[in-house]
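Dear colleague,

Here is the structure we spoke about, with notes on its helices and aromatic rings below. Please read them alongside the model.

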Amino acid sequence: MSFTYSAGRRRRFLLCASLFAALSSPLVGSVALANPQLMSEVDSRAAKDVSTASFQQWLGDFRQYAAGQGISEATLSNALDGVRYRERVIELDRYQPEFVRSIWEYLDTAVSSTRISTGRETLAEHRQTALEMQQRFGVPAEIIVAIWGIESNYGSNFGDFSTLESLATLAYDGRRRDFARGELLAALRIIDEGDIAADQMKGSWAGAMGHTQFIPSSFEAYAVDGDGDGRRDIWGSIPDVMASTANYLNQAGWQPGQPWGVEVRLPEGFDYAQTERRSSAEWSRQGVQAQQGELPSFDSAAIVVPAGANGPAFIVGANFRAILRYNNATSYALAVATLGDAIAGREGIQHAWPRDQAALTRDDIQALQRELNRAGYSVGGADGVMGPNTRQGLRNFQRDQGLTPDGFATQALLEQLRKRSD
């Protein structure tokens with residue numbers, strides 16, 4: 001009998017048993033039927049008991065599975081005894097904000113003047129360690145500190161959820177159960193190897209841990225003992241934090257001596273539909289120019305316009321892609337890159353953002369996707385996420401309407417699409 005089948009079967013059995021017990025109770029038969037509020041309370045308690053019992057049954061099955069994967073009994077006892085189902089984790093996992101922040105609003109917070117000044121102070125405090133890791137891994141000290149700043153505000157907020165409880169809850173009841181189960185097993189391996197005690201393994205509700213928010217599988221792959229004490233401690237050892245972060249970017253393809261990219265000016269008539277990476281020389285022949293100075297010498301670079309033709313544009317190389325490996329969001333990579341620049345004393349983004357453009361809600365984006373599909377620009381399902389298919393469909397629509405095909409969704413474009421359906 002497989003692990004998954006056993007857990008599911010037992011959950012169904014426990015649910016049926018609890019419901020039968022509730023329905024056959026004298027309380028239900030005599031008092032509760034005359035008192036709807038009390039009946040609701042009985043139902044609520046029964047459901048909670050079912051949930052708690054089935055979670056513990058699931059955890060017991062997982063414990064057997066983990067033992068079969070080589071986790072010691074001592075670790076299983078220390079790590080899993082007393083682990084609770086956390087309803088708050090599921091609430092956060094299923095929460096989808098109605099409003100999606102624009103990239104400039106995100107950067108206003110992520111690269112605020114306070115975060116810049118604190119980053120400079122943090123780098124000054126840990127300069128020797130940061131420079132040692134820069135020398136060892138080739139990643140600039142200011143980028144290491146910038147990731148630290150974006151991920152946990154320099155260690156002031158890396159979360160106080162038990163990683164084990166978060167991952168156990170998500171593995172039992174989350175949206176990506178198989179993924180969470182794999183991460184939970186990785187967390188147990190980390191404890192088994194002696195890097196951290198179970199009760200000290202803390203982080204975000206989603207299972208990201210420590211100062212620079214490694215998930216357990218990333219910890220296993222990239223965490224480094226930076227202080228030489230034989231443990232990889234991204235919770236309490238700043239040398240370990242910096243070494244692990246720099247090693248992650250190094251393994252992701254960081255190119256020492258190269259910038260992440262620069263802000264550029266694009267020529268009139270620039271084809272925003274180009275998604276291929278080209279050399280700096282090829283982009284230059286198209287009329288792309290650095291906002292200041294010369295274009296970096298990239299063998300393979302992309303043009304990024306996160307707010308469309310009316311916002312800033314950037315040429316980005318391998319190091320920007322390395323940051324994306326850490327978190328695959330353009331806004332995140334741009335925040336790390338520009339925060340690093342600011343910490344190092346370099347100038348920030350020069351071109352203004354189109355702040356007059358109201359952000360689209362998730363409902364708006366779903367409506368945009370439906371309207372594009374209805375108009376023949378196939379973008380797939382209406383999931384409320386501006387992915388590459390949606391941007392390409394929007395670019396095609398813009399081109400057919402004689403507009404600049406930059407793929408940047410606006411309220412005006414949504415309204416134009418809706419009018420076509422009327």
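A residue is called buried under 20% relative accessible area, exposed over 50% and partly exposed in between, with a 1.4 Å probe and protein chains only. This is a predicted model: local features need pLDDT of at least 70 and side-chain atom pairs pLDDT 80 or more, while totals for chains, interfaces and linings use all residues. Residues are numbered from 1 along each chain as its sequence is written, and side-chain values use heavy atoms, leaving out hydrogens and water.

Aromatic pairs: the whole structure has 20 of them. Rings of Phe, Tyr and Trp (its six-membered ring) pair with centres within 6.5 Å; planes under 30 degrees apart are stacked, over 60 edge-to-face, the rest tilted. Phe219 and Trp235 are tilted, because their planes stand at 40 degrees, with centres 5.8 Å apart. Phe219 is buried at 0% relative accessibility, and Trp235 is buried at 9%. Tyr248 and Tyr326 make another tilted pair, at 4.7 Å and 50 degrees. Those two tyrosines are 78 residues apart, in helices H13 and H15; helices are DSSP runs of H or I, at least four residues, numbered from the N terminus. Tyr248 is buried at 9% and Tyr326 at 11%.

Helix H6 (residues 103-110) has Ile103, Trp104, Tyr106, Leu107 and Ala110 buried. Seen down the axis, these fall within an arc of 155 degrees (taken from the directions from the axis to the C-beta atoms), so they line one face of H6. They pack against H7, H9 and H16, contact meaning heavy atoms within 4.5 Å.

Regards
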